[in-house]
Amino acid sequence: MIKTIPCDKCGTEIRPLKQGYTVGMTCPRCGYGWVTTQMEAIDSDTSQYTLKIAPSPSKNLDAIRAISGICACNFIEARAILEKGYEFPPMNARETRKTAGILSEAGVGYRITPEFPYAIPESRDFFKRKDEMQDEN
Ligand SMILES: [Zn+2]
């Protein structure tokens with residue numbers, strides 16, 4: 001059984017809220033409540049991961065755009081990175097997952113060392129979560 005808690009402001013029963021990585025309680029009537037970012041194993045991971053873009057002859061525009069965005073470089077440089085491959089400086093687990101998600105969605109091949117123990121949501125999923133949040137209201 002979920003314990004019911006009245007809203008401090010209007011007395012309506014407040015409900016648990018879970019939206020992507022955010023959890024908390026919220027009042028369906030006045031919106032009063034609190035949220036917190038859910039702690040995941042990834043947050044306490046202090047390892048550094050190395051992400052390498054695999055060299056590819058692809059001229060996929062999404063891939064080039066994604067690389068250009070991540071590396072903050074121009075289109076020509078991004079295409080060269082895609083052709084030759086690229087090794088990012090070591091990143092923490094969250095940064096690695098975010099970068100890998102963008103690359104995955106754009107169809108860029110990559111490799112992470114050491115082995116990355118977390119699922120990599122395509123970055124599109126982050127946007128989908130936002131939509132789900134709106135649907136729940
Ligand atoms: Zn309320």
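The following questions and answers concern a predicted model.

Reader: In what order do the elements of the chain run from the N terminus on?
Author: The chain has four helices and seven strands. From the N terminus on, these elements run β-β-β-β-β-α-α-β-α-β-α.

Reader: What share of the residues of the chain count as buried?
Author: A residue is buried if 20 or more other C-beta atoms lie within 10 Å of its own. The chain has 137 residues, and the share that count as buried is 18%.

Reader: What percentage of the contacts in the chain with a separation of 6 or more is accounted for by residues 24 or more positions apart?
Author: The contacts considered are those in the chain with a separation of 6 or more. Of these, residues 24 or more positions apart account for 46%.

Reader: Why do the buried residues of helix 1 line one face of the helix?
Author: In helix 1, which comprises residues 61–71, the buried residues are A63, I64, A66, I67 and I70. Seen down the axis, these residues line one face of helix 1 because they fall within an arc of 160°. On the other side of helix 1, the exposed residues are L61, D62 and G69. The answer is thus the arc of 160°.

Reader: Which elements do the buried residues of helix 1 pack against?
Author: Buried residues of helix 1 include A63 and I70. The partners of the buried residues are strand 5 (50–53), helix 2 (75–84) and helix 3 (93–106).

Reader: Are helix 1 and helix 3 roughly parallel or roughly antiparallel to each other?
Author: The two helices pack at an angle of about 160°, with their axes 8 Å apart. Angles over 145 degrees count as roughly antiparallel. Helix 1 and helix 3 are therefore roughly antiparallel.

Reader: What is the handedness of the crossing of helix 1 and helix 3, and which residues make the contact?
Author: The crossing of helix 1 and helix 3 is right-handed. On the side of helix 1, the contact is made by D62, A63, A66 and I70. On the side of helix 3, the contributing residues are T99, I102, L103 and A106.

Reader: How far apart are the end C-alpha atoms of helix 3, and what span should its residues have?
Author: Helix 3 has 14 residues, and at 1.5 Å a residue these should span 20 Å. The distance between its end C-alpha atoms agrees with this, being 20 Å.

Reader: Which residues of helix 3 are buried, and which residue takes a positive phi just after this helix?
Author: The buried residues of helix 3 are A93, T96, R97, T99, A100, I102, L103 and A106. Just after helix 3, a positive phi of about 80° is taken by G107.

Reader: Where on helix 2 do the buried residues lie?
Author: The buried residues of helix 2 are A78, I81 and L82. They cover an arc of only 95° around the axis, and are therefore on the same side of helix 2. I76 and K84 are exposed on the other side. The buried residues pack against strand 5, helix 1 and strand 6 (86–87), and their place is the same side of helix 2.

Reader: What is the phi of A72, and is this residue buried or exposed?
Author: A72 is in the loop between helix 1 and helix 2. Most residues other than glycine have a negative phi. A72 is not a glycine, yet its phi is positive, at about 50°. With 8 C-beta neighbours inside 10 Å, A72 counts as exposed.

Reader: Which peptide bond is cis?
Author: Most peptide bonds are trans. P114 lies in the loop between strand 7 (110–113) and helix 4 (123–136). With omega near -10°, the cis bond is that from T113 to P114.

Reader: Which residues does M25 touch, not counting residues up to four places away in sequence?
Author: M25 lies in strand 3 (residues 22–26). It is partly exposed, with 15 other C-beta atoms within 10 Å. The C-alpha atoms of M25 and R15, ten residues apart along the chain, are separated by 5.4 Å. Not counting residues up to four places away in sequence, M25 touches I5, I14, R15, P16, L17, G33 and W34.

Reader: What distance separates the C-alpha atoms of T4 and I14?
Author: T4 lies in the segment before strand 1 (5–6). With 8 C-beta neighbours inside 10 Å, T4 counts as exposed. T4 and I14 are ten residues apart along the chain, and their C-alpha atoms are separated by 7.0 Å.

Note on methods: Residues are numbered from 1 along each chain as its sequence is written. This is a predicted model: local features need pLDDT of at least 70, side-chain atom pairs count only at pLDDT 80 or more; totals for chains, interfaces and linings use all residues. A residue is buried if 20 or more other C-beta atoms lie within 10 Å of its own, exposed if 12 or fewer, and partly exposed in between; C-beta atoms are placed from the backbone. The arc is that of the directions from the helix axis to the C-beta atoms. Two residues are in contact if their C-beta atoms, placed from the backbone, lie within 7 Å. The expected span of a helix is 1.5 Å times one less than its number of residues. Axes are lines fitted to C-alpha atoms, for helices over the stretch in contact, and angles run from 0 to 180 degrees between N-to-C directions. Angles under 35 degrees count as roughly parallel, over 145 as roughly antiparallel, 65 to 115 as roughly perpendicular and the rest as oblique. A crossing is left-handed if the near helix is turned anticlockwise from the far one by less than a right angle, and right-handed if clockwise.
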